[in-house]
Amino acid sequence: MEGTARQNELGPKLKRAHFFSPLDPAVAEAVNKDAETVEYTPEEDYKVKRKIDNVVLPLVICSILSNESNLTHDSDRTNIGNAHVITAFNENFGITDNQKWTLALSIFYVGYCLLEMPANVLQRRIGANRFFFLSLTFWGLASLSFVYAKGYGALLALRVLLGIGEAGYYAGMIYYLSFWYKRHELAMRVSLCMTGTYPGAIGGLLAFGLVRAKTSLLDGWQFLYLIEAIPTLIMASMILFFLPPFPFYATFLTPRERAIAQARLNRDHKPQSHGGMNGWQGFKAVVTDIHAWMFMTIYASFNVGVATISYFLPTIIAGLGFTAINAQGLTVAPYIAGWFMVVFQAWHSDKTRDRGWHIMLSCFVSFVGYLILATAVQKSVGAAYFALFLVIGGLYSLFPLVMSWAANTFAPTSKRGVGTAFIVSISNCVSIASPQIYFDPQDSYRKGHAIAAGCVFLSMLVAFLLHMRLSRLNKRNAQRLDLMTEDEKVSLGQVTEMSDSDPRYVFMT
C-alpha cells in the first residue's frame, strides 16, 4: 500500500489562531491511519531514518551547541563555574563566601522544578518548535542580562529566571526524539544531543581564552555570557521556523515518508502525539507507577554529582595548585574524554538493547572516581586529576542511558511525556540542596566527594533492582500470554496505543 490515502483526503491545513493554538489533530489522525496500511522495504525504512538524522538531529544539536550545552543549564553550570574563579565576577555580584556561592547555585532549581511538568503539557499542545523557541529565547535573554547585572540580589533573581527558562527543555527534548526513533535507536541519538560534555569542553576553552579579554565596557567574565546568549537567541528563531513540531507535520518528508516514519514507531511502540490520556490522567498514572519512583531515585542520586561537579570543577582543579586561568584550561580534557565514554556507552546500549547493565557500569566508574577524590585529593595531584576523568565520563554517560530507558519504559505516550518530566522535575528538587554538599573547602571538599560517591552507589543499586524487576515482568507477561487461549488473546483487542500494563508490552531492560 502507498500509505497516502488519508492524507490526500485532507483539505488545507487549518491556520492556527494564535501562537499557543494547538496543532490540528486531523493531520495526526490521517498520518496514523496511513501508517496502519503502508507497506515499505527495509531500504525505505533506512532512507527515512537517514532523512530524519539529516534534518531533525542537526537542528537539535545546533540548538545545543549555540548555547554550548546539551541542557541549557549545563552551559550555565560551566560558565558560572568558570566565572567563579575570576575575582572580578565575585566582586561584581558580591560573592564573599562559600555559603553565598552555594545558595546562588541552588536557587536555580526553584523555578525549574515548579514548571517542569506544566512545560511538558504546553509542548504537547503547541508543538516542539514553538515550545523550544520560548525556552531558548527566555533563557538567552536571562543569560544576556548577566552582562550588565550587578549585586548579589540581581544574581539570585537571574538564576531563578534561568531555571524558569530551562523548565521542560531537557525532558521535552527526550520526549520529542521519542516520536522520531525506535526504542533501540534512541540512546545514541540522545547521547549526541544531551551530553554535558559539550558545555564543559567548549565552556572551558572559551573561559581560558576570554578571561584575558578586557575592554572599556566589558570584562572577561562578561564576554562568557555575551558569547553564550547571542547564538542561543539566533538559534531560537531557527528552531521556530525549521524544526517540525511533530513527525506528522514534517514538510521535509513526503506523505508516504511521513506514513513510513509513523509506521516505524507504531510497529515498535506506537507513540501518539495527540489523543489518549490528558495531562492529569498521565500524572496520576506516573505517580502510582513504582517504575517512575525508581527512575527518579536513579536520576536524583547521580544528579547530585552532576549538579555539583560542573559548578565546582574549576575550583577543585585550582585547589590542586593551579592558577585560575590554567584551571579553566584543564577542565577541557576530562570533558573531551567523557564525551567518548558517553557516545560509546549509548552506542553499545542501543546495539545490545540493554540499559540496566550499562547504567550500572557508568555508576561504578564515577563511584571509583569519587572514592579516589575523597581519599587521595590531598596526596596526589595526578590521581585526583585522573579521578575527574572517571567522574565526568561516568556521570554524563548516565544522562542518555537513564532518560532513554525511562522513555522506553513508560507507555502510552502521554504517560511517557509526563513521566520523563516527573523524573527530571522531582530529581532537580534534590538538586536544590546538592551544591550544599561541598561545604568543606578547607578540606579540599573530601566530605562532599564522599557524599557524592554514596549517591552514585545508590543509583547503581536501584538500577540493578529495576533491571531485575523489568526482566521478571517480561518473563511473567510472556508466560501469561502462553497460557492464554486464542479467544482470550483476541479479547485483548487492537489498541490505538499499547499501555505498559498490557501483557503484550515488552520492557527494555
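Asp45, Lys49, Lys182, Glu185 and Arg264 are linked in a network of salt bridges, a salt bridge being a side-chain nitrogen of Lys or Arg within 4 Å of a carboxyl oxygen of Asp or Glu. The model is predicted, with local features requiring pLDDT of at least 70 and side-chain atom pairs pLDDT 80 or more, whereas totals for chains, interfaces and linings use all residues. Residues are numbered from 1 along each chain as its sequence is written, and side-chain values use heavy atoms, leaving out hydrogens and water.

Over the whole structure, 14 salt bridges are found. Lysine 49 pairs with glutamate 185 at 3.8 Å, N to O. Lysine 49 belongs to helix 3 (residues 42-66) and glutamate 185 to helix 11 (residues 183-193), so the pair ties together parts 136 residues apart in sequence; helices are DSSP runs of H or I with at least four residues, numbered from the N terminus. Both lysine 49 and glutamate 185 are buried (buried, under 20% relative accessible area; exposed, over 50%; partly exposed, in between; 1.4 Å probe, protein chains only).

A salt bridge of 2.8 Å, N to O, joins lysine 415 and aspartate 289. This pair links distant parts of the chain, 126 residues apart, with lysine 415 in helix 21 and aspartate 289 in the loop between helix 15 (279-287) and helix 16 (290-318). Lysine 415 and aspartate 289 are both buried.

Lysine 447 and aspartate 443 also form a salt bridge, at 3.7 Å, N to O. Lysine 447 counts as partly exposed because its relative accessibility is 44%, while aspartate 443, at 19%, counts as buried.

Key:
Helices (H or I, at least four residues) and strands (E, at least two) are DSSP runs, numbered from the N terminus.
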